[in-house]
Amino acid sequence: MVTHIVLTPSRPSEDEDAPDARPEAWPPSDPDYDVLADPRVCIPIKIWVLLHVEPQSNRELREQTGTRRDTTVQNAISRLRKHGQEIVRRGGRYVLVHREPLWVLNLPTRGVMLAPRERSGQYEGLEFRITCVIEDWRPRVRAVDEAPWSEQTAPGGTAEQRWRPTGGPKRGAAYLGEPPRSLPIWVWGLLKSRAWSAEALAEELEIDVLQVKNMIGLLRRRGHKVMCDARGRYWVPEREGPLRVAVTKSGLRLARIDGKRPTEEVELW
């Protein structure tokens with residue numbers, strides 16, 4: 001099954017000092033740009049965009065993306081779900097419930113496709129998140145601009161970080177050069193990135209399933225919404241937040257609620 005468009009790579013430059021091939025900036029700033037007509041964009045991303053417009057049936061998605069098989073649409077929906085998109089079937093139509101940003105990858109020879117979650121961070125400068133908005137009855141895709149920790153400020157003057165981990169503690173914060181985080185913060189951050197089962201979280205964080213459930217219970221006691229579906233997968237809604245954490249000498253910890261506050265706190269979104 002083909003879920004992305006493969007482009008013929010351009011001929012390599014004969015100039016040895018020429019920089020490595022880089023894809024064009026995407027999405028284009030052209031106000032008339034139509035993501036659904038762009039052959040560089042993979043089928044799952046186009047389906048994700050169409051579901052922002054309105055619920056769609058399998059046949060409608062096939063017609064609007066130019067695919068011939070129902071299985072192509074079904075496999076694309078499955079991939080989007082693995083990327084944390086909550087898509088349900090109601091009355092024969094697919095409905096996008098949680099419209100969270102989507103991780104994509106823009107490669108020179110393959111176009112714009114879903115980022116490989118198992119190798120996140122491998123393509124530095126080519127991975128980014130996108131959102132979709134409806135303007136003048138047309139879907140428009142925008143890249144999410146996420147500033148570094150030091151450049152972000154919450155309305156109240158508190159430092160803020162829009163943090164989405166790409167792996168457990170051994171592959172996440174240390175790899176990104178960020179401060180260590182306690183287990184409840186890791187659980188919260190992973191649940192904001194996509195839906196996880198307790199078993200998958202335990203494997204990712206290398207802890208017991210009981211510890212995962214204890215961390216989820218702790219987050220709920222602190223007033224944070226953690227959802228659970230019929231298949232036992234947990235997630236935190238995209239707009240849920242912020243998570244107030246304390247800055248300590250050993251890293252970031254959940255802020256206490258007993259009045260004994262440290263000298264510095266930050267908010268994670």
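## Contact between H5 and H6

Leu-183, Trp-186, Val-187, Leu-190 and Leu-191 of helix H5 meet Leu-201, Glu-204 and Leu-205 of helix H6, where contact means heavy atoms within 4.5 Å. By class, this contact has seven nonpolar residues, no polar residues and one charged residue. Ala, Val, Leu, Ile, Met, Phe, Trp, Tyr, Cys and Pro count as nonpolar, Asp, Glu, Lys and Arg as charged, and the others, Gly among them, as polar.

This is a predicted model, in which local features need pLDDT of at least 70 and side-chain atom pairs count only at pLDDT 80 or more, while totals for chains, interfaces and linings use all residues. Residues are numbered from 1 along each chain as its sequence is written, and side-chain values use heavy atoms, leaving out hydrogens and water.

H6 covers residues 198-205, and its axis lies 11 Å from that of H5 at an angle of about 125°. Axes are lines fitted to C-alpha atoms, for helices over the stretch in contact, with angles from 0 to 180 degrees between N-to-C directions. H5 and H6 are therefore oblique to each other; angles under 35 degrees count as roughly parallel, over 145 as roughly antiparallel, 65 to 115 as roughly perpendicular and the rest as oblique.

## Burial of H5

Helix H5 spans residues 183-193, and ten of its eleven residues are buried, so H5 is largely enclosed by the rest of the structure. Buried means under 20% relative accessible area, exposed over 50%, and partly exposed in between (1.4 Å probe, protein chains only). Helices (H or I, at least four residues) and strands (E, at least two) are DSSP runs, numbered from the N terminus.

Lys-192 belongs to H5 and is buried, with a relative accessible area of 2%. Leaving aside residues up to four places away in sequence, Lys-192 touches Glu-100, Arg-164, Val-236, Pro-237, Glu-238, Glu-240 and Trp-269.

## The S9-S11-S10 sheet

Three strands make an open antiparallel sheet in the order S9-S11-S10. Strands S9 (196-197) and S10 (227-228) are the edges, each pairing on one side only. Two bridges join S9 to S11 (residues 233-235); at least two DSSP bridges are required for two strands to pair. Ser-197 stands opposite Arg-233 in S11.

## Contact between H1 and H3

The axes of helix H1 (residues 43-53) and helix H3 (residues 70-82) come within 9 Å and cross at roughly 80°. That makes H1 roughly perpendicular to H3. The contact has nine nonpolar, one polar and one charged residues. Among the residues that meet are Ile-47, Trp-48 and Leu-51 in H1 and Val-73, Ile-77 and Leu-80 in H3.
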